[in-house]
Amino acid sequence: MANANLLAILVAAATGFLVGGLWYGPLFGKIWMAENGFTEEELKQGNMLKIYGLTFAFSALSAVFLGHLLAFFDTNTRATLMISCGIALGYIVPAIGTNYLFARKSGKLFAIDAGYWVVFYAAMGLVFVFLGS
């Protein structure tokens, strides 16, 4: 872990968090709310400090492990993006897909959430390409 780039990890975490704000806000927020059966009033009733705080913490945790993995392998641009996107496509998308099948969630909701994770990890991968791992 000592060889991981801490600045890149922090920027990657912030980038992933920003992707979520855009993805579930102006890009797909209304569709996501409808697919989950939420209203804006219901969402405002949540503990926003807890929700956003833990969301950033989870983003940071993902960035730490991605940064550590990339530093371990000393990757180039292509490999960094393949690993980053591969984590989403090979682990996260199938996991949430399985959960959504059993929870009877819609294909539209699955596409929104799965797409988010692919873009989340691609964006973090790009940060590591530009800032180093």
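A search of the whole structure turns up one salt bridge. The structure is a predicted model, and the values that follow were computed from it.

The salt bridge joins the side chains of Lys30 and Glu40, with 3.0 Å from N to O. It links distant parts of the chain: Lys30 belongs to helix H2 (residues 29-36), Glu40 belongs to helix H3 (residues 40-44), and the two are 10 residues apart. Side chains of opposite charge can pair when their charged atoms come close. The two partners can also be described by their accessibility. Lys30 has a relative accessible area of 60% and is therefore exposed, since the cut-off for that class is over 50%. Glu40, at 37% relative accessibility, counts as partly exposed, because its value falls between the 20% limit for buried residues and the 50% limit for exposed ones.

Helix H2 leads on to the packing of the helices. The axes of H2 and H6 come within 10 Å and cross at roughly 135 degrees. That angle makes H2 oblique to H6, because an angle has to be over 145 degrees to count as roughly antiparallel. The crossing of H2 and H6 is left-handed.

H6 also packs against H4. Here the angle is about 50 degrees, and the axes are 11 Å apart. H4 and H6 are therefore oblique to each other, since roughly parallel would require an angle under 35 degrees and roughly perpendicular one of 65 to 115. H4 passes H6 in a right-handed crossing.

Helix H4 (residues 48-73) packs with H1 as well, at an angle of about 130 degrees and with the axes 8 Å apart. H1 is therefore oblique to H4. The crossing of H1 and H4 is right-handed.

Within H4 lies Ser59. Is Ser59 buried or exposed? Its relative accessible area is 3%, so Ser59 is buried; the limit for that class is under 20%. The C-alpha atom of Ser59 is separated by 24 Å from that of Ala103, and these two residues are 44 apart along the chain.

The loop between helix H5 (77-103) and H6 contains Arg104. Arg104 is not a glycine, yet its phi is positive, about 60 degrees. Most residues other than glycine have a negative phi. Arg104 has 70% relative accessibility and so counts as exposed.

Which residues form the nonpolar patch? They are Leu7, Val11, Leu126, Phe130 and Leu131, and together they have about 480 Å² of accessible area. Two elements give two or more residues to the nonpolar patch, helix H1 (6-27) and helix H6 (107-131). The largest share, three residues, comes from H6. One of the patch residues, Phe130, lies in helix H6. Phe130 has a relative accessibility of 68% and therefore counts as exposed.

Note on methods:
Residues numbered from 1 in each chain as written. Predicted model: local features only at pLDDT ≥ 70, side-chain atom pairs only at ≥ 80, totals over all residues. Heavy atoms only, no water. Patch = residues over 30% accessible without salt bridge, like charges linked within 9 Å, V, L, I, M, F, W, Y side chains within 5 Å. Areas by Shrake-Rupley, 256 points an atom, 1.4 Å probe, with all protein chains shown as cover. Salt bridge = Lys/Arg side-chain N within 4 Å of Asp/Glu carboxyl O. Helix = DSSP H or I, 4+ residues; strand = E, 2+ residues; numbered from the N terminus. Buried < 20%, exposed > 50% of the residue type's maximum accessible area, 1.4 Å probe, protein only. Axes fitted to C-alpha atoms, helices over the stretch in contact; angles between N-to-C directions. Left-handed = near helix turned anticlockwise from the far one by under 90°.
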